Amino acid sequence: MPATYDKDALHALILERALKFGDFTLASGQKSSHYLDGKQVALHAEGLRLISAGFLELAADWEYDAVGGMSIGADPLIGGVLCLSDRTDLVGAMIRKEAKGHGTGRYVEGPLQGGQRVLIVEDVVTTGGSSLKAIERLREFGAEICGVVAIVDRLQGGDAAFEAAGVPLKSLFTVRDFGIEPPAA
């Protein structure tokens, strides 16, 4: 049985380790007065355990055969969910930003097979760009996408982008949970 998700403990870790204030340029190209560095929590033993338990809880009503996401940010999240899940048949899929320059030359790495259903994991969603690219590559591979789970949704258009792609999004937190209002649309 997977570990129990403790939302308060994860919230405290995010505040302590991941939330920074200043002038930042996000992966989406947008400017922001705050930055959520999900890797500071995902690469922390207790943080990864809490995130993985939360993801398994969020996705409990979805059917999936694999857990995947865009490398490098999703890699620890994939491993955490695989290790914490009580399912021994679950596999992982890491999606490369660029095709491998040698060997198989693939974008999708891991034991994933065409036709399998994939749960996408993400640390922070702004516009959804990196996960949408992973979804595109997985669909080209022949996989189905059941949904996206994220640690934090910045509430800056990612949900609408996933909806347009026919993929539901669930997040453990939004920026509002940290006292931050998203910019007006």
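In this predicted model, I95 has V108 of strand 5 as its bridge partner. That pair belongs to the antiparallel pairing of strand 4 (residues 91–95) with strand 5, which extends over two bridges. Strands of a sheet pair through backbone hydrogen bonds, and the pairing can be parallel or antiparallel. Both strands are part of an open sheet of six strands, whose order is 5-4-3-6-7-8 and whose pairing is mixed. Strand 5 (108–109) and strand 8 (169–174) stand at the edges with a single partner strand each, so one side of each has no neighbour in the sheet.

Helices pack on this sheet. Helix 4 (residues 75–84) touches strand 3, strand 4, strand 6 and strand 7 (144–153), and the direction of helix 4 makes about 175° with that of strand 4. Helix 5 lies across strand 3, strand 4, strand 5, strand 6 and strand 7, and runs at about 165° to strand 6.

Helix 4 also meets another helix. Two packed helices are described by the angle and the distance between their axes. For helix 3 (residues 45–58) and helix 4, the axes come within 9 Å and cross at roughly 70°. Angles of 65 to 115 degrees count as roughly perpendicular, and the two helices are therefore roughly perpendicular to each other. On the side of helix 3, the contact is made by L48, R49, I51, S52, A53, F55 and L56; helix 4 contributes P76, L77, G80, V81 and L84. By class, this contact has nine nonpolar, two polar and one charged residues.

A further pairing joins strand 1 (residues 19–25) to strand 2, in the antiparallel sense and over five bridges. Here K20 stands opposite Y35 of strand 2. The two strands form a hairpin with five residues between them, and G29 in the turn has a positive phi of about 95°.

Two loops hold backbone details worth a look on the structure. The peptide bond from S71 to I72 is cis, with omega near 15°, and I72 lies in the loop between strand 3 and helix 4. L155, a residue other than glycine, has a positive phi near 60°; the place of L155 is in the loop between strand 7 and helix 6 (158–164).

The next topic is empty space. Rolling a probe the size of a water molecule over the atoms shows where such space is left. The largest pocket holds about 520 Å³. Its lining has 29 residues, of which A27, E122, D123, V124 and S130 lie nearest the centre. Strand 2 (31–36), strand 3 (66–70), strand 6 (117–125) and helix 5 (129–141) are the elements that give two or more residues to this lining. The largest share, six residues, comes from strand 6. By class, the pocket lining divides into 12 nonpolar, 11 polar and six charged residues.

The model also has one cavity of 30 Å³ or more. The largest cavity has a volume of about 50 Å³, and its lining is made by I14, A18, L36, D37, G38, V41, V124, I151 and V152. Helix 1 (7–18) and strand 7 are the elements that give two or more residues to this lining. Seven of the lining residues are nonpolar, one is polar and one is charged.

How values were computed: Residues numbered from 1 in each chain as written. Predicted model: local features only at pLDDT ≥ 70, side-chain atom pairs only at ≥ 80, totals over all residues. Heavy atoms only, no water. 1 Å grid on protein atoms, 1.4 Å probe; cavity = no way out; pocket = protein on both sides within 12 Å on 5 of 7 lines; lining within 4 Å. Points joined across faces, edges and corners; volume = space filled by probe spheres on them. Helix = DSSP H or I, 4+ residues; strand = E, 2+ residues; numbered from the N terminus. Nonpolar A, V, L, I, M, F, W, Y, C, P; charged D, E, K, R; others polar. Pairing = 2+ DSSP bridges. Contact = heavy atoms within 4.5 Å. Axes fitted to C-alpha atoms, helices over the stretch in contact; angles between N-to-C directions. Parallel < 35°, antiparallel > 145°, perpendicular 65-115°, else oblique.
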